[in-house]
Every structure is written in structure tokens, then in C-alpha cells.
Amino acid sequence: MRDEFVHSAKLAIEAGFDGVELHGANGYLLEQFLNPNSNQRTDEYGGSVKNRARFVLEVTKAVADAIGAERTGIRLSPWGMASDMAHYPEIDETYAYLAEELQKIGVVYLHLVDHESMGAPAVPAQTVATIREKFTNTLILSGGYTTLEAIDEALESGRADLVAVGRPFIANPDFVERLKSGAPLAEADQATFYAPGPNGFADGYTDYPMADGQPAGTFSPSYQA
Ligand SMILES: Cc1cc2nc3c(=O)[nH]c(=O)nc-3n(C[C@H](O)[C@H](O)[C@H](O)COP(=O)(O)O)c2cc1C
């Protein structure tokens, strides 16, 4: 399985990508190893925090060795509950350990998910602060960032080095320009998430207009003036 991650990472680099993000969040395979509710193993990959983190760290190390730690990032979702990942007592201990070990591997970034804005429990501030302390490469925060003020606060307070934005980019192809100009943001229509419409995945993904009413793909920064 480790080899499959390595193989895919190498293919991504060969295809011209700058790097890969390992998906250790939201109930995907790597998180299934971290969480004792899904990881019922009795070998060295299950049981203790260290054992449950082993697979994630082995995959990360193998990918970093293959393509370079400077091309390897990872996404994690402490306190996340996506895909029925129930909470467990050692969540903070697990992520503090991971942050420390990921720093030793030297991955270029750690990307934290907070899905409070999607109805999940918030990631406690102390959890983020501990990870921040132990992981000193680039820390990315994501989830619910829709204003310049919130993004600036996360960056200027030092809580994050970068902020990632999802849904606002779906509904606002010119999201950055709208933040700069103060143009109002359109809301993404949840009904078109995750499912194709009559026009395939274009529906609800690439059909939101720019702030000036032009279709996406015909970007003209003129409305900023
Ligand atoms: C349509 C859609 C698909 C998504 N697919 C994934 C996914 O495959 N893996 C993942 O980790 N997060 C996925 N997410 C979650 C986003 O990456 C992000 O964490 C979430 O939207 C919160 O950020 P936001 O408030 O900026 O949108 C998806 C979100 C949306 C709206």
C-alpha cells in the first residue's frame, strides 16, 4: 500500500505537478489508521497512538523520500467527524505526535481541516496551537474563511502561514478579486455539490458568473476600478 502512494506521487511529479498532498483527513484511508474506532488492528499498526500513527508516517516518509519532502504536503482533520469518524480520548495526543513526527520528516506543509462551518464540531484553538508549536514548516488552515478580515487575522496572529478556501471559490470564480474590490460574494448552491447535473459536473462548478456578470473564463478585472 505504501508503494501505491509512492507510485502515484512519482506519477504526479512526472506529469508536471509541483507536489502532492497526502490525504490524511476526513475519514480517508490514512485517517482510518489514526482513529481507534476504525483501526482495530492488534499488530504494530494498531493499539497505541504511536502504532496508529505508524502507517501515516511511513507513507509520508516513503513519499517524501521518493519525490522530496519539499514536494510533499499532508491534510489532517483533528476532531473531524467526516465519514462517521467518531471521537476518541487521545485525539490531541495523536495530532501532537503527528505534528512532531511530520516536522522531523520535513514535509513542506501541514493542512488542517476545520468543518465547523459545515456543521461539524470546531477544532479547539488549543489543538491548533499545539500543532503550530510542534510543526514549524508551513501550516495551512481551512474551513469557513470567507472574509479578508478572517484570513488576515489567521495569518497575522501567526495561527497559520496560509489559508485555504473551498466553497467560496466554487461560487466566486473571481474570489480573490472580489475580496480586493469588496464586491459581494455569491453563495454556493449545496444542491449541486458532489453530483453531476444535466450538463455534467459543469453544473454548479464552472457556471457561476464573475462579479461583473460575465461568465467564468472571461475574466476581466475592469470592475475593480
Ligand atoms: C463539493 C465539495 C467537495 C469536497 N471534496 C472533498 C474531498 O474530496 N476531500 C476533502 O478532504 N475535502 C473535500 N471537501 C471539503 C473542502 O476541502 C473544505 O475542507 C471544505 O469545503 C471547507 O472549506 P470551505 O469552508 O473553504 O469550503 C469538499 C468540499 C466541497 C464543497
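Modeller: In this predicted model, the domain assignment of the protein gives two stretches: domain 1 covers 2-165 and domain 2 covers 174-217. Between their C-alpha centres there are 28 Å. To the contact, domain 1 brings seven residues and domain 2 brings four residues.

The size of an interface is often stated as the accessible area that is lost when the parts come together. Here, domain 1 and domain 2 bury about 350 Å² between them, and 80% of that area comes from carbon and sulfur atoms. On the side of domain 1, the residues that lose the most area to domain 2 are T146, L148 and V165; together they make up 73% of what that side buries. Sorted by class, the side of domain 1 that touches domain 2 consists of five nonpolar and two polar residues, with no charged residues.

The rule finds zero salt bridges between domain 1 and domain 2.

R41 has a relative accessible area of 39%, so R41 is partly exposed. D43 is partly exposed too, because its relative accessible area is 29%. Another salt bridge is formed by R52 and E90, whose closest N and O atoms are 3.3 Å apart.

Next come the aromatic rings. A pair of such rings is described by the distance of the centres and the angle of the planes. The structure holds four aromatic pairs. Among them is the pair of F193 and Y194, which is edge-to-face, with 6.1 Å centre to centre and 85° between the planes. The two partners fall into separate accessibility classes. F193 counts as buried because its relative accessibility is 10%, below the 20% limit. Y194 counts as exposed because its relative accessibility is 71%, above the 50% limit. Ring pairs also link F5, F33 and F55 into a cluster.

To return to the part you asked about: the interface of domain 1 and domain 2 buries about 350 Å², and the rule finds zero salt bridges across it.

Terms used: Residues numbered from 1 in each chain as written. Predicted model: local features only at pLDDT ≥ 70, side-chain atom pairs only at ≥ 80, totals over all residues. Heavy atoms only, no water. Domains from an automatic or database assignment. Contact = heavy atoms within 4.5 Å. Buried area = accessible area lost by both parts, 1.4 Å probe. Salt bridge = Lys/Arg side-chain N within 4 Å of Asp/Glu carboxyl O. Nonpolar A, V, L, I, M, F, W, Y, C, P; charged D, E, K, R; others polar. Phe/Tyr/Trp six-rings, centres within 6.5 Å; stacked < 30°, edge-to-face > 60°. Buried < 20%, exposed > 50% of the residue type's maximum accessible area, 1.4 Å probe, protein only.
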